[in-house]
Amino acid sequence: MKIIIIGAGQVGATLAENLANEDNDITVIDTDLVRLRELQDRLDIQTVEGSGSHPDVLEQAGCNDADMLIAVSNQDETNMVACQVAHTLFKTPTKIGRVRSSAYAKYPELFSDQALPIDVRISPEKEVTKHLSRLIRYPGALQVMEFANGKVQLVVIKAEKGGPLIDQPISYLREHMPSIQTRIAAIYRDGASIKPDGNTRIHANDEVFFLTAQRDVLDVMSELRPLDTPYRRIIIAGGGNIGERLAHSLEKEYRVKIIERNPERCRYLSETLDKTIVLNGDASRKELLQEENIESTDVFCALTNNDEANIMSSMLAKVLGVRTVMTIINNPAYVDIVQEGMIDIAISPQQTTISSLLTYIRRGDVVNVHSMRKGAAEALEAVAHGDYRSSKVVGRSIAKVNLPEGATIAAIVREDDVILATGDVIIQAEDHVIIFVSNKKQIPAVEQLFQVGLSFF
């Protein structure tokens with residue numbers, strides 16, 4: 001595909017790297033020439049210096065024959081105007097825009113071909129909030145991904161001693177929990193991927209990816225590690241867009257406090273939120289955290305725009321006795337370092353946002369994508385179309401589907417039924433097929449499986 005990306009910031013740069021590695025024709029537009037040169041030195045892409053909302057800059061970037069425009073600059077207005085210009089002057093088929101301000105989100109009628117023609121609106125704040133909310137609802141999970149409108153969840157956890165399945169073959173799970181359907185999609189041991197079968201034994205410290213119905217997640221987790229007690233008390237450091245959204249989503253079920261430095265923002269938050277306690281202060285001040293009983297707090301979420309402030313306040317909270325620390329870190333270089341230390345879960349807004357973007361970039365009828373392991377692996381939900389002649393999957397048993405190395409069909413959702421994958425299950429038209437791909441280089445081969453041949457038409 002020929003794709004134009006506006007914005008060479010963290011999201012734009014990470015997206016360009018992901019897509020360039022899949023043999024797409026990528027052009028990145030930004031006003032920062034130094035950042036563009038850094039990208040061009042690392043990646044096989046084109047760059048154009050200038051404002052992405054200017055028609056001449058878009059024309060120079062080749063917008064007249066582009067398949068897709070992705071506007072992810074730091075300015076909502078630049079992104080919206082860029083999509084408008086691409087639609088009006090260049091008839092670009094697909095336009096994706098990052099719109100962060102909640103002020104625009106209140107008026108969905110703004111976003112149509114008759115007004116602002118953005119086909120897909122991406123909000124990093126919304127995606128990160130959903131990610132954090134799911135982690136808080138499943139204590140001990142490293143990542144929780146939803147498929148088929150929440151009917152199925154793919155959960156990543158670290159196996160620990162004390163779980164009944166530790167050092168047992170995977171087949172033991174079916175004997176021990178006969179009423180629960182679950183599928184272990186992948187195991188990572190010492191960073192290397194292991195394709196599991198019934199005889200595979202799970203060891204302590206393995207990173208385990210399992211798929212099951214939403215209602216059964218905690219039961220399956222309990223087989224792989226001792227269950228943590230549910231979270232109750234949450235402290236959020238940073239009352240920006242993400243902090244506000246997270247507090248709003250949690251305050252009815254949890255006891256939530258926000259610490260925010262800006263007095264005016266505190267006033268706004270106290271008027272907007274119903275049950276959340278809003279505190280004016282610095283979350284990296286030891287005395288304030290102690291006054292708020294940090295030692296009896298379950299989760300400390302550091303959500304400011306400053307990586308260093310997030311890391312330092314998180315480490316302080318951990319030293320003072322908080323149970324779990326979740327920290328937003330924008331700089332990818334920091335993520336590996338901090339996750340080996342005191343910070344329990346480091347969250348990359350770029351990777352979370354890219355999962356949403358990939359859903360609209362993948363070929364075939366892909367309705368859901370989750371990027372994992374810093375973009376090295378993916379889980380996809382693809383819809384099977386056609387018939388036996390026109391499709392490479394419809395009418396075939398899972399064992400007969402020609403999956404590439406490193407790809408595993410984990411489950412099929414057929415209307416309201418969730419069918420865990422076994423070799424003899426036959427894929428039918430309109431099934432939602434959930435595939436785990438441990439090697440991202442195999443994504444194009446997986447996409448081709450779900451593209452309908454011309455005979456179908």
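This short talk describes selected parts of one structure, from an annotated segment to its sheets and its aromatic residues.

Good morning, colleagues. Please keep in mind throughout that the model is predicted.

I begin with the record. In an unreviewed entry, UniProt lists "domain: RCK N-terminal" for residues 1–122 and again for residues 231–347. Taking residues 1–122, the chain there is 38% helix and 22% strand.

M68 counts as buried, because its relative accessibility is 1%. Which residues is M68 in contact with, once its neighbours within four places in sequence are set aside? They are M1, K2, I3, I4, T92, T94, I96, Y360 and I361. As for I96, it lies 28 residues from M68 along the chain, and the two C-alpha atoms are separated by 7.7 Å.

Let us turn to the open sheet. Six strands form it, in the order β14-β13-β12-β15-β16-β17, and their pairing is parallel. At the edges are β14, residues 277–280, and β17, residues 345–347, each of which pairs on one side only. On average, and ignoring direction, neighbouring strands of this sheet are turned by 15 degrees against each other. As a general point, strands of a sheet pair through backbone hydrogen bonds, either parallel or antiparallel.

Helix α6 touches β12, β15, β16 and β17, and its direction makes about 165 degrees with that of β17. Helix α12, residues 307–319, touches β15 and β16, and makes about 175 degrees with the direction of β16.

A further helix, α9, spans residues 241–250. Which of its residues are buried? They are I242, G243, E244, L246, A247 and L250. In general, an α-helix has 3.6 residues a turn, so residues three or four places apart point the same way. The cover over the buried residues of α9 includes the helices α6 (124–137) and α10 (263–272). It also includes the strands β12 (233–237), β13 (255–260), β15 (299–302) and β16 (324–328).

Next, I come to strand β19, residues 377–383. Why is β19 described as largely enclosed by the rest of the structure? The reason is that seven of its seven residues are buried. It is a general rule that in a regular strand the side chains alternate between the two faces of the sheet. In β19, A377, A379, E381 and V383 point one way, while E378, L380 and A382 point the other way, and all are buried.

Strand β19 has antiparallel partners. It pairs with β18, residues 366–372, over six bridges, and N368 stands opposite E381 in β19. Six bridges also join β19 to β22, residues 432–437, and these two strands run antiparallel. In that pairing, A382 stands opposite V433 in β22.

My last topic is the aromatic residues. How many aromatic pairs does a search of the whole structure find? It finds two. In the pair of Y188 and F209, the ring centres are 5.5 Å apart and the planes stand at 55 degrees, so the pair is tilted. The pair links distant parts of the chain, with Y188 in strand β9 (residues 182–189) and F209 in strand β11 (residues 207–213), 21 residues apart. Are these two residues buried or exposed? Y188 counts as buried at 6% relative accessibility, and F209 is buried at 0%. Together with F436, Y188 and F209 form one aromatic cluster.

A186, in strand β9, counts as buried because its relative accessibility is 3%. Beyond its neighbours within four places in sequence, A186 is in contact with I194, P196, E207, V208, F209 and F436. The C-alpha atoms of A186 and F209 are separated by 5.1 Å, although the residues are 23 apart along the chain.

Finally, a charged residue is placed against a ring elsewhere: R396 lies over the face of Y388, at 4.0 Å from the ring centre. Thank you for your attention.

How values were computed. Residues are numbered from 1 along each chain as its sequence is written. This is a predicted model: local features need pLDDT of at least 70, side-chain atom pairs count only at pLDDT 80 or more; totals for chains, interfaces and linings use all residues. Side-chain values use heavy atoms; hydrogens and water are left out. UniProt positions are given in the numbering used here, feature names are shortened, and annotations may be inferred rather than shown by experiment. Helices (H or I, at least four residues) and strands (E, at least two) are DSSP runs, numbered from the N terminus. Rings of Phe, Tyr and Trp (its six-membered ring) pair if their centres lie within 6.5 Å; planes under 30 degrees apart count as stacked, over 60 as edge-to-face and the rest as tilted. Buried means under 20% relative accessible area, exposed over 50%, partly exposed in between (1.4 Å probe, protein chains only). A charge sits over a ring if NZ of Lys or CZ of Arg is within 6 Å of the ring centre and within 35 degrees of the ring normal. Contact means heavy atoms within 4.5 Å. Two strands pair if DSSP finds at least two bridges between them. Axes are lines fitted to C-alpha atoms, for helices over the stretch in contact, and angles run from 0 to 180 degrees between N-to-C directions.
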